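Please look at the sequence and the model shown below, and keep both in view while reading. The report that follows goes through a few residues, the core and a pocket in turn.

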Amino acid sequence: ILTPPCAYAGMRPAAASTASALARESEAALEEFRAEIVRRYGNFISAWMQTFSTEANLELNFTEFVMAYTRLDFHGDVVKLWSAIDTSGDEAVSLAEIHEPSGVALDTFKTWCYDSFGGPVGMFQALDSQR
């Protein structure tokens, strides 16, 4: 009897098949979520700043993510979505994990603000032509 190769070391084929199905469901939940973000906000940075990162940090823990998810009134499976986003398993998600180009752009902007002006307040003060 031949045993099919298993992508998940140490798992029986049935367990690997179940894990593979869960991974596909999680990825489908993430794609549905991304499409909804673009539909509602136009881009990921707007969604992150308006709904997810209300305290202007660049990471959310699970509780913060669920609160933002609730504000979005998204009706997908939040646990599957979380597992699709938090692939590192560090129990935090960032914009870069939801949409990497947007996360990189926001992080680059943040770095520029701090390097050039000492932070966002300094940047806005420098740009304020009325002062």
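## A buried serine and the overall fold

Ser 102 is buried, because its relative accessible area is 10%, where buried means under 20% relative accessible area, exposed means over 50% and partly exposed lies in between, computed with a 1.4 Å probe on protein chains only. This serine lies in helix α6, and, not counting residues up to four places away in sequence, Ser 102 touches Phe 44, Ile 45 and Leu 95, a contact being a case of heavy atoms within 4.5 Å.

The model is a predicted one, in which local features need pLDDT of at least 70 and side-chain atom pairs count only at pLDDT 80 or more, while totals for chains, interfaces and linings use all residues. Residues are numbered from 1 along each chain as its sequence is written, and side-chain values use heavy atoms, with hydrogens and water left out.

The protein chain contains seven helices and two strands, and along the sequence these follow the pattern α-α-β-α-α-β-α-α-α. Helices (H or I, at least four residues) and strands (E, at least two) are DSSP runs, numbered from the N terminus. Of the 131 residues of the chain, 27% count as buried. Among the contacts between residues at least 6 apart in sequence, 43% join residues at least 24 apart.

## The nonpolar core

Which residues have the most contacts inside the largest nonpolar core? They are Phe 33, Phe 52 and Phe 65, in a core of 22 residues. Such a core is a set of buried Ala, Val, Leu, Ile, Met, Phe, Trp, Tyr and Cys residues joined through side-chain atoms within 4.5 Å. The elements that give two or more residues to this core are α1 (13–41), α2 (44–52), α3 (62–72), α4 (78–85) and α5 (95–98), and α4 gives the most, with five residues. When residues up to four places away in sequence are not counted, Phe 33 touches Phe 52, Tyr 69, Leu 72, Phe 74, Leu 81 and Ile 98.

Ile 98 also has a place in the surroundings of Arg 34, a residue of helix α1. Arg 34 and Ile 98 are 64 residues apart in sequence, yet 7.6 Å apart in space, C-alpha to C-alpha. Leaving aside neighbours within four places in sequence, Arg 34 is in contact with Glu 27, Phe 44, Glu 97 and Ile 98.

Thr 51, found in helix α2, counts as buried because its relative accessible area is 5%. With its neighbours within four places in sequence left aside, Thr 51 is in contact with Tyr 41, Ala 68, Arg 71 and Leu 72.

## A serine in helix α4

Ser 83 has its place in helix α4 and counts as partly exposed, because its relative accessibility is 38%. What does the side chain of Ser 83 reach at 2.9 Å? It reaches the backbone oxygen of Lys 80, and the side chain of Ser 83 also makes a polar contact with the side chain of Ser 26, at 3.0 Å. A polar contact is a pair of N or O atoms within 3.5 Å; within protein, one must be able to donate a hydrogen and the other to accept it, and residues adjacent in sequence count only if both atoms are side-chain atoms. Ser 83 and Ala 23 are 60 residues apart in sequence and 8.5 Å apart in space, C-alpha to C-alpha.

## The largest pocket

The largest pocket has a volume of about 220 Å³. On a 1 Å grid over the protein atoms alone, a pocket is an open set of points where a 1.4 Å probe fits, with protein on both sides within 12 Å along at least five of seven lines, and lining residues have an atom within 4 Å of a point. Grid points are joined across faces, edges and corners, and the volume is the space filled by probe spheres set on the points.

Of the 13 residues that line this pocket, the closest to its centre are Met 49, Leu 106, Phe 109, Lys 110 and Pro 120. The elements that give two or more residues to the lining are α6 (100–117) and α7 (120–127), and α6 gives the most, with five residues. The lining divides into ten nonpolar residues, two polar and one charged, where Ala, Val, Leu, Ile, Met, Phe, Trp, Tyr, Cys and Pro count as nonpolar, Asp, Glu, Lys and Arg as charged, and the others, Gly among them, as polar.
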